[in-house]
Amino acid sequence: MHDDSITVDRSLSLHGPNAAYARELYERWMEDPGSIDSDTSALFATGYIPPAEAGSATSVETTDVETIMRAVHLARLIREHGHVEANLNPLRRPSKIDPQLTLAYHGLSEDDLTSLPPSVVGGPASAGTSNALDAMNRLRQVYCGTIGYEDDHVQSPEQRNWLRDAFESGRYLRAVSSADRSWLLERVTEVDTFEQFLHKTQPFQGEKRFSIEGVDMLVPILQSIVQGAALAGNREVVIGMAHRGRLNVLTHVLKKPYRQMLSEFIKGKKYLVTSTSGADSGGYTGDVKYHKGYELRIETADHGSVPVTLVPNPSHLEFVNPVVLGRARAAQEHRDHQGKPSRDILAALSILIHGDAAFPGQGVVAESLNLSRVPGYRVGGTIHIIANNQVGFTTDPENSRSTLYSSDLAKGFEIPIVHVNGDDPDACLAMARMALDFRQKFGSDFLIDIIGYRRHGHNETDEPRYTQPSMYGVVDAHPRLRELYADRLTTSGIVQQSDVDAMLARVREELTDARQYALEQAGGTVSTPVASEVPDVVVENVSFERLQVLNDAITSTPEGFSVNDKQLRQVLKPRKAALTADEAAINWAHAEALAYASILEDGTPIRLSGQDAQRGTFSQRMLVLHDVETGARCHLLRFVPTANASIAILNSPLSETAALGFEYGYSGHANETLVLWEGQFGDFANGAQVIIDQFIVSGDAKWSQKSGLVMLLPHGYEGQGPEHSSGRVERFLQSAAGNNIRVANCTTPANYFHLLRRQAKSLAIDPRPLIVMTPKSLLRHPKAVSQATDLTTGCFQSVLDDLRSDINKDSITRIVMSSGKVIVDLLASPHLNTETTALIRLEEIHPFPINDINRIVATYPNATEFVFVQEEPLNMGTATYVCPRLKDALPTSLSFRVVSRPMEASPAEGSIDMHNAMQAHIVQSALS
């Protein structure tokens with residue numbers, strides 16, 4: 001509604017002395033129906049025309065206008081709030097009546113409505129009715145049946161009108177045919193028989209499976225959407241869900257064979273556990289069966305196939321959501337051309353299944369929903385399904401949320417919501433088809449809330465009657481869905497009892513056969529991924545001539561583009577001159593830009609995202625410029641004339657969990673793409689710890705999920721306080737095992753340049769996540785620059801020896817090793833004795849380069865002391881990881897000591913004076 005809209009008092013008669021005012025409202029309505037209040041707009045929509053002057057005739061001459069207004073108001077309230085009286089809960093009918101939905105509340109009688117035309121109610125529900133009473137009753141059937149519709153929060157008139165027409169016309173319910181009902185009965189028979197077989201048959205009894213019983217219709221809904229998506233031209237489907245019902249989804253939606261599924265229950269197998277992450281770790285460890293993923297390929301009429309992927313997930317419930325969205329976005333984009341990626345939403349459909357307690361309870365849900373319309377993250381509409389069993393673990397709804405429905409969070413993102421009784425398969429199937437059609441037409445999200453129950457406890461060994469005795473008294477007496485639906489269809493003559501019995505016998509026979517197979521295979525050997533040597537990644541150098549061409553491209557703007565004077569003076573001109581002037585220095589951000597340009601030229605696509613990634617937190621990157629006059633954007637890396645791949649540099653929402661999870665999912669699908677996520681500060685990664693722990697560092701070991709994702713985390717102690725000093729490198733090192741991740745802290749732009757190029761090259765050879773502690777003060781520090789020759793020669797070095805060209809290694813008695821920014825403080829210290837002290841830099845911390853360290857140490861024959869120094873407290877940083885390894889490997893002739901801040905609870909001091917004093921103490925202690 002517009003800001004200057006006019007609202008009419010509902011008791012006001014639009015005739016007599018108010019006729020002129022009514023006429024003004026009518027004229028405004030004719031120009032824009034949304035410019036007046038909805039009740040008056042609805043009245044005009046019935047055909048009522050206000051008089052041109054007092055006493056004039058109207059199109060509704062004999063009817064009291066106030067009665068019409070009351071009827072119109074009641075119809076509107078039924079449309080908006082009828083869901084509160086809908087029969088949505090299989091376990092009980094609604095106990096409360098909304099007084100505003102009654103005739104008496106509005107001063108109406110049935111005779112009043114009988115005297116009014118059905119156009120007063122309006123909409124498709126009134127079609128074919130004889131009066132307003134019949135139309136109102138039909139409207140109640142639509143909005144107060146076994147489906148509850150919520151769309152009043154949807155702001156798009158086009159979407160709202162489409163939804164109202166779909167609801168009230170009943171076209172989706174009418175389309176459920178006898179053949180559909182037979183199909184549904186067969187599907188719920190498979191779902192129910194599978195669960196009961198596992199529950200009652202040895203050796204599966206007592207095993208955790210997180211049964212779907214009570215929300216059985218989740219599986220047919222998914223099957224309908226997946227099959228419909230393939231027919232509608234979607235070329236891939238990506239599904240995410242937690243553990244409840246997962247085994248049933250795997251077997252009946254993803255078609256994982258019964259034999260394979262039941263074999264995973266059988267104990268006593270011998271596993272060949274081999275390492276996928278290095279000889280010094282257990283490598284592939286696997287995961288429980290209700291966390292695993294799977295892929296199905298649906299054959300299409302054109303002899304193609306549509307992959308349907310259920311993404312692996314941890315027990316952290318909703319955290320798989322952004323991972324699914326990232327995979328879907330990656331599947332939708334084409335990256336094999338210059339410029340930005342092109343996209344087709346039909347390339348992939350994302351489906352997310354949520355828990356009723358987790359949907360409002362987990363913050364990652366809101367973060368993920370927020371991505372739905374954000375450029376660079378939108379996926380053209382996700383279909384959300386809440387498998388609503390009305391209890392979270394042991395917690396009742398009133399203790400787990402502050403809203404009427406578990407789905408209410410979606411209203412803030414204008415997502416249409418339908419609540420459907422899980423014991424009405426016809427309604428569930430109709431809503432599945434409606435959801436898919438809505439997504440296909442509008443490219444927007446849709447949510448189905450299947451309201452059911454949980455027949456057992458949280459798992460099958462849990463006793464739910466401890467905490468929900470009343471509910472489970474009802475559940476125990478409630479018929480199973482298969483029984484209810486079979487009775488309904490046999491009574492109506494759609495199927496015969498013999499058909500029902502045959503369906504049941506077929507599924508039981510298949511399961512019995514699968515059980516026998518699994519028992520016969522028990523004790524055999526189960527294959528696991530085979531360990532392989534870590535391959536060498538050979539990266540070709542970039543010639544100086546090639547670097548010059550690339551540099552010219554990324555420092556040029558289109559004709560007529562007005563660059564900010566400061567950007568021009570401090571960024572573009574120095575970068576352009578850096579490859580032409582003698583001894584010109586290349587700083588960190590410039591080296592990064594050149595690395596990206598060369599990677600694009602090599603044919604590797606790039607996706608860089610994060611909070612303020614386009615400019616860079618410290619105004620260092622400047623790869624997306626804004627015209628000072630028009631605000632138009634210029635993406636410098638899209639002007640590389642020899643680029644053979646696309647690039648996207650995106651400012652993300654102020655989110656860590658969803659944004660990082662999205663990039664992890666993207667990198668897992670687009671495995672040929674260099675995907676980078678940058679935190680505004682390194683400690684911002686704290687907000688994404690679940691994604692780091694459960695996906696990035698362990699996804700390969702648990703699920704054989706490869707990812708070459710790069711995390712850029714600004715790190716360094718410059719007196720900015722506890723929150724913006726540390727990227728918490730110790731947390732990554734604690735989770736580092738074998739070759740699961742790479743962790744680096746470079747100190748020269750050239751080494752960072754080579755590191756990025758190595759990571760891009762390794763995507764096709766040895767993909768794994770790379771964690772980079774990036775600099776802040778070193779971004780512009782004169783002692784942290786490189787020359788062009790440093791970029792065009794050499795390669796990434798995990799350890800940098802003392803960079804002085806005139807060092808006399810025979811005179812060195814003390815070797816000081818550090819990682820990251822503290823090296824500059826050591827170099828600048830007056831306590832540094834350059835004749836007796838060598839400074840070496842640990843650039844890659846994991847995998848730990850002990851051979852490179854020993855090789856460098858051996859070149860100092862007279863060294864007697866080895867000092868490891870870090871800025872961080874002793875219980876943080878790299879010390880707890882590095883020092884034990886150094887002690888075990890260094891020659892016994894070297895004394896060893898560690899210099900750092902003392903153990904602390906907080907990463908850094910809160911004042912600049914305290915910081916300066918502590919920093920000076922660390923440096924002096926290391927060099928004395």
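Before you start, note that the model is predicted: local features need pLDDT of at least 70, side-chain atom pairs count only at pLDDT 80 or more, and totals for chains, interfaces and linings use all residues. Residues are numbered from 1 along each chain as its sequence is written, and side-chain values use heavy atoms, with hydrogens and water left out.

**Stop 1: strand β23**

Select residues 837-842, which form strand β23. Helices (H or I, at least four residues) and strands (E, at least two) are DSSP runs here, numbered from the N terminus. Because 6 of the 6 residues of β23 are buried, the strand is largely enclosed by the rest of the structure. Buried means under 20% relative accessible area, exposed means over 50%, and partly exposed lies in between (1.4 Å probe, protein chains only).

Now show the side chains. In a regular strand they alternate between the two faces of the sheet. On one side of β23, look for Thr837, Leu839 and Arg841; on the other, Ala838, Ile840 and Leu842, all of them buried.

**Stop 2**

Two strands pair if DSSP finds at least two bridges between them.

Arg814 has Thr837 of β23 as its bridge partner. To follow the chain from β22 to β23, trace it through helix α29 (residues 822-828); this β-α-β crossover is right-handed. That term means that, with the strands pointing away from the viewer, the path from the first strand over the helix to the second runs clockwise.

**Stop 3: two cis peptide bonds**

Most residues other than glycine have a negative phi, and most peptide bonds are trans. Select His846 and Pro847: a cis peptide bond joins them, with omega about -5 degrees. Pro847 sits in the loop between β24 (844-846) and α30 (850-857).

Then go to Gln202 and Pro203, also joined by a cis peptide bond, with omega about 5 degrees. The loop holding Pro203 lies between α8 (178-200) and α9 (218-231).

**Stop 4: two positive phi values**

Which loop holds Leu317? Look between β5 (305-310) and α12 (321-332). Leu317 is not a glycine, yet its phi is positive, near 40 degrees. With 29% relative accessibility, Leu317 is partly exposed.

Finish at Gln390, in the loop between β9 (382-388) and α15 (397-400). Its phi is positive too, about 65 degrees, although Gln390 is not a glycine. Is Gln390 buried or exposed? Gln390 is buried, at a relative accessible area of 12%.
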